[in-house]
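Thanks for coming. I will go through one model today, starting with its sheet and ending with its cores. Please have a look at it first.

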Amino acid sequence: MIVKDFASKFAALRKKSGITQKKLGEYLGVSNRAVSKWETGLALPSTENISKLAKIFDIPVDYFFTASEPAPEKKQQPVGMKSLRALYRMGRGPSSSHTMGPEKACMIFKQNNPGADRFKVTLYGSLAKTGVGHGTDRVIRETLAPTPCDVIFNIHQVELPHPNTLELEAWSGGQRIDQTRVISLGGGRIQIDKYEDGEGADIYPVSSFETIAEYCLAENIRLWEYVERIEGEGITDYLSEIWRCMKKSIKDGLASDGILPGGLGVQKKAKQLLNRQHIDESAETRENRMVCAYAFAVSEQNACAERIVTAPTCGASGVVPAVLYYQQQKRGYTDIEIVHALAAGGIVGNLIKTNASISGSECGCQAEIGSACAMASAALGELFGLDLDKIEYAAEIAIEHHLGLTCDPICGLVQIPCIERNAVAAMRAINAVSLASFLSDSRKISLDKVIQVMKETGLDISRQYKETSEGGLAKLKVK
Ligand code: SF4
């Protein structure tokens with residue numbers, strides 16, 4: 001009876017989570033046949049694996065063996081996570097939610113409607129309010145070309161499933177032949193009502209730092225090894241390409257000068273920061289100047305719609321590369337060491353993306369710059385060989401001190417305050433790691449909890465401070 005009780009509850013939880021028997025087996029170090037036997041009531045897992053499963057599904061161990069159905073509320077939390085390939089993406093700026101997401105949606109829609117002679121795209125919410133500044137309409141027309149496209153900015157509809165909603169229509173001979181709704185979730189990720197979103201299945205069986213850390217400690221592995229174990233060795237090549245792209249955006253940004261596009265008249269400053277050495281400059285001032293130069297370089301490339309890496313978004317793309325490039329220049333870390341650091345930072349970004357948000361229009365700038373700072377802190381912690389507790393603490397500090405940060409880019413352009421914010425967050429990541437390396441014994445709040453708080457705070461932030469051009473700095477007149 002106990003075995004049967006366990007089997008039915010376990011099977012229901014696993015199917016709901018979307019994790020395959022194979023992936024779960026790999027994670028627990030058993031065969032997928034063994035997992036299948038647990039589900040069909042032919043065997044029970046070991047006590048150790050039962051408590052691991054309870055953690056994975058976020059339920060009390062007792063649940064498997066008590067008569068109560070259904071499982072407690074907590075299991076509504078997401079269980080698995082997608083590949084880091086869906087977090088770190090190479091693409092053109094300036095906004096992952098306002099340009100990369102709509103671009104991807106239009107590509108999918110165009111492929112599925114080769115017979116269309118006209119498209120119509122309606123933008124709602126934040127996409128309608130800041131779409132012109134971000135270049136959303138331009139990207140949509142370019143992607144759907146040569147077929148003509150009408151782009152409508154509907155700023156009046158407020159009842160929306162998400163602040164970044166768009167509706168795509170395909171027309172032929174005056175008849176509407178297809179229509180679908182799309183949500184641009186941030187970081188270039190989309191959800192399309194009608195078609196495959198190309199995001200792939202969850203490949204990580206868990207989505208809490210606590211469970212990942214327990215696994216790493218039990219297996220005596222570092223975070224990057226965990227990533228490689230789950231994603232396979234190919235992830236190293238992918239992250240190496242990501243690192244090459246990050247370095248290129250820094251180098252190109254440092255070599256560039258002039259005025260950023262968009263009409264605000266913002267001068268590019270990365271090159272100035274690089275070259276403007278103070279007389280008697282202290283080591284600390286130099287560090288500040290160089291890290292900021294690198295962050296400006298990437299952010300300015302992003303503002304110019306050049307190729308960058310979402311880390312986790314376009315608007316926050318300067319933070320992670322800036323701190324890692326600085327450390328490589330200063331201490332000579334190898335590319336592979338940096339790639340391992342990117343893997344560790346990616347885990348933190350993935351946890352935030354899964355359990356909270358990486359979208360400024362959904363949860364404010366804390367979700368973009370705060371997430372980037374947490375990723376950079378974890379990446380630095382990995383690079384410095386800190387233990388898991390300290391890495392977690394560094395990421396937690398980084399998020400905690402960005403809680404409530406508003407998203408209010410002037411004229412909807414990802415320039416003011418976004419570019420400086422990348423530089424400040426890069427410096428803050430360095431501070432967070434220093435603090436964590438001294439103080440981790442005193443930690444009272446877990447990374448998982450602060451991610452939850454970030455989500456709650458983000459949902460509570462008033463709408464005008466979430467990429468709508470209606471409040472905060474966005475209301476200022478610029479000279
Ligand atoms: S203010 Fe922050 S969240 Fe908003 S566009 Fe700028 S970087 Fe992104």
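Which strands does helix α5 lie across? Helix α5, residues 96–112, lies across β4 (165–172), β5 (175–186) and β6, and runs at about 150° to β5. Before going on, the conventions. This is a predicted model, so to speak of local features we need pLDDT of at least 70, side-chain atom pairs count only at pLDDT 80 or more, and totals for chains, interfaces and linings use all residues. Residues are numbered from 1 along each chain as its sequence is written. Helices (H or I, at least four residues) and strands (E, at least two) are DSSP runs, numbered from the N terminus. Axes are lines fitted to C-alpha atoms, for helices over the stretch in contact, with angles from 0 to 180 degrees between N-to-C directions.

Now the sheet. It is open, with five strands in the order β3-β2-β4-β5-β6 and mixed pairing; strands pair if DSSP finds at least two bridges between them. β3 (149–154) and β6 (189–192) are the edges, each with a single partner strand, so one side of each has no neighbour in the sheet. β2, residues 118–124, pairs with β3 in the parallel sense over six bridges. Within that pair, Leu123 stands opposite Phe153 in β3.

Last, the cores: sets of buried Ala, Val, Leu, Ile, Met, Phe, Trp, Tyr and Cys residues joined through C-beta atoms within 7 Å. Buried is 20 or more other C-beta atoms within 10 Å of the residue's own, placed from the backbone. The largest core has 118 residues, and Ala376 is among those with the most contacts inside it. Apart from it lies another core, of 22 residues, including Leu123 and Ile190.

How values were computed
Buried ≥ 20, exposed ≤ 12 C-beta atoms within 10 Å, placed from the backbone. Contact = placed C-beta atoms within 7 Å.
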